[in-house]
Amino acid sequence: MEPTGIAALVAELTDARERLRSIAGRVAIAADSSPRREASGWEGLASDAYQSALDHLAREIEGARELLRSAGDLFGAALFELAGHD
Amino acid sequence: MTDTTPPSPNHGPALTVIAQGSGRVVIASDALLSQLDQLGRLAEELRLCAGALLATIELLEPRASIASAVPPAAIEGRRISRAAATTLLAAQTTAERIEAAVRSSLAEYAETEQLASSVAHRLANDLAWGIGAGAHVFGLPFALLLGSGLLVGSALTRQSPSVIGSAVQDYLKRHGRILTSSGSVSVIRELASDADGIGAGFLLVPPQAASLFDSSGVTGVSSSSNAVVAAGRSIGLFEPTSAGVRKTSGFEYGSPPTSLVARSSSFPRPDADPNGEQIRIDRYVEAGKPDRFDVYIAGTVTFDPKTGSEPFDFASDLNGVGGGASASYQAVIEAMKQAGVTPDSPVVLNGYSQGGLLASQVAASGQFNVHGVVTFGAPSAQVHIPASIPVLTVRNAEDLVPATSGYDVNPNAVVVERPVFAGGPVPSDSTVPAHDLGYYQQTAAVVDESTSSTVRGVLDPLNRFGSGAVRVDSTLWLATRTAAVSGGR
């Protein structure tokens, strides 16, 4: 492998990891500002249904955050591996 | 601006927002409306994050020349990133679905409320007709019975009938929940709407015709009010007069209001001030721009049905609810003109109680360039204000004064309502404590903290109305009744 190709790959992966970190930060802020339990005005079954939907949404966002963390770790591992080629 | 020391808000009960737009009515707690706004913003942010992630993945598209050098971890990282983008888009869809479902259910709830209200109104109207017809047949015996009862009560207690009336008022003060409850407010609102039904029944107008007149708007709260005025005039009450105004003081003072509390604290207090001014007009001066004005109109000063010198009286209340140009209305118009408000001057009209009714009427008249109407506890439900004018209607849920004007007809008003005595004791120092301006100042403080776009959408422009002003010229105006008007309304 030519060094310039490796260097470009390292640069791309480094850039991608930074972008992922930025996106993960935005998602974390969005998750923090999402509606919480204290929804006024709902009672009984409607309250349960609304809360269940919010819980489902929270789980999806948390799942996306986990995947973003994993992807970032994998890019980090790839960069570590490429550093070994130097 | 005047004293803007915020009253300590009672943060117990939730604020209810009633808003109409695009032909749909929404009735919800302010907190829930805020959450719907949050869901909308969340969905948009998730969509943007997913887009940014997909763009990042595209940049990592492996080129053939270095494909063999790409570590497996990088390939897996790219795959996981794509899965994350898919999950973000799924979450976006979920947020949008929740928001849409809740908005839909709120609209259905409002429709159900309207339907129930319509059915109740129809039933109540029929009942009112029956009461009227009964009064026609049994009226004299009933009146005799009532009169005899009063006289017997008077004889037994050795007190005059008027003293018995005072005793009833004291009783109502001690048992505040009788008048001060949202249930009583509902009954009053329905009675106000059905008073014509009683009259139609008394005149034995066929119930179908009475119902047709009511639903077509030929009769209703306004004609009921006018009927009361007409009846009063036959016995020397509610005498019509014109009115004049006099500027009593002018001073440069403070800064424009940036909150609803500041507006609610800016009304003149004719009952407490020595001169008894009912109108305050603040002019905001900014170089290179036309002067802007905030008009503050006080509430009813006297409930004496016999016309005196005070135009902010019971007669003006009834004239106003009846849709007429009352003496107090004439005074407000005259004060605005004398203060320099031109047809082009941007103006915000603020009114408490009768003042809110007058503010609504001035806005509805089309004479001025009205940028907003703010009312507190006003019997202004029947005033049609053009949809282009933002209207913020503040009501305490237990206040029966706004209910005396019946059901809202405004298609664009944002109504915020809050119970002030929920679960707590009702003060006994006033017959209608929920109408006191102090409690409205508390409610204003709660409204100021609203985060829903429905409320912010009308309140924020009001808070910015005076921004940039380099000077505030405040004037106070005293209105008085002048010559009697022959044959006037």
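I took two strands as paired if DSSP finds at least two bridges between them, with helices (H or I, at least four residues) and strands (E, at least two) read as DSSP runs numbered from the N terminus. The model is predicted, so I kept local features only at pLDDT of at least 70 and side-chain atom pairs only at pLDDT 80 or more, while totals for chains, interfaces and linings use all residues. Residues are numbered from 1 along each chain as its sequence is written, and chains are lettered from A and ligands numbered from 1 in the order in which they are written.

Entry on β5(B). I found that β4 (residues 279–285) of chain B runs antiparallel to β5(B), joined by 6 bridges, and that Arg280(B) stands opposite Tyr296(B). In this hairpin, with 6 residues between the strands, Gly288(B) has a positive phi near 80 degrees. I then saw that β5(B) pairs with β6(B) in the parallel sense over 5 bridges, where Asn350(B) is the bridge partner of Tyr296(B).

Next I looked up burial, calling a residue buried if 20 or more other C-beta atoms, placed from the backbone, lie within 10 Å of its own. In β5 (residues 292–297) of chain B, 6 of 6 residues are buried; Arg292(B), Asp294(B) and Tyr296(B) point one way, and Phe293(B), Val295(B) and Ile297(B) the other.

Entry on the chain contact. Counting residues as in contact if their C-beta atoms, placed from the backbone, lie within 7 Å, I noted 38 residues from chain A and 38 residues from chain B. On the side of chain A that touches chain B, α2(A) gives the most, with 19 residues.

Terms used
Two residues are in contact if their C-beta atoms, placed from the backbone, lie within 7 Å. A residue is buried if 20 or more other C-beta atoms lie within 10 Å of its own, exposed if 12 or fewer, and partly exposed in between; C-beta atoms are placed from the backbone.
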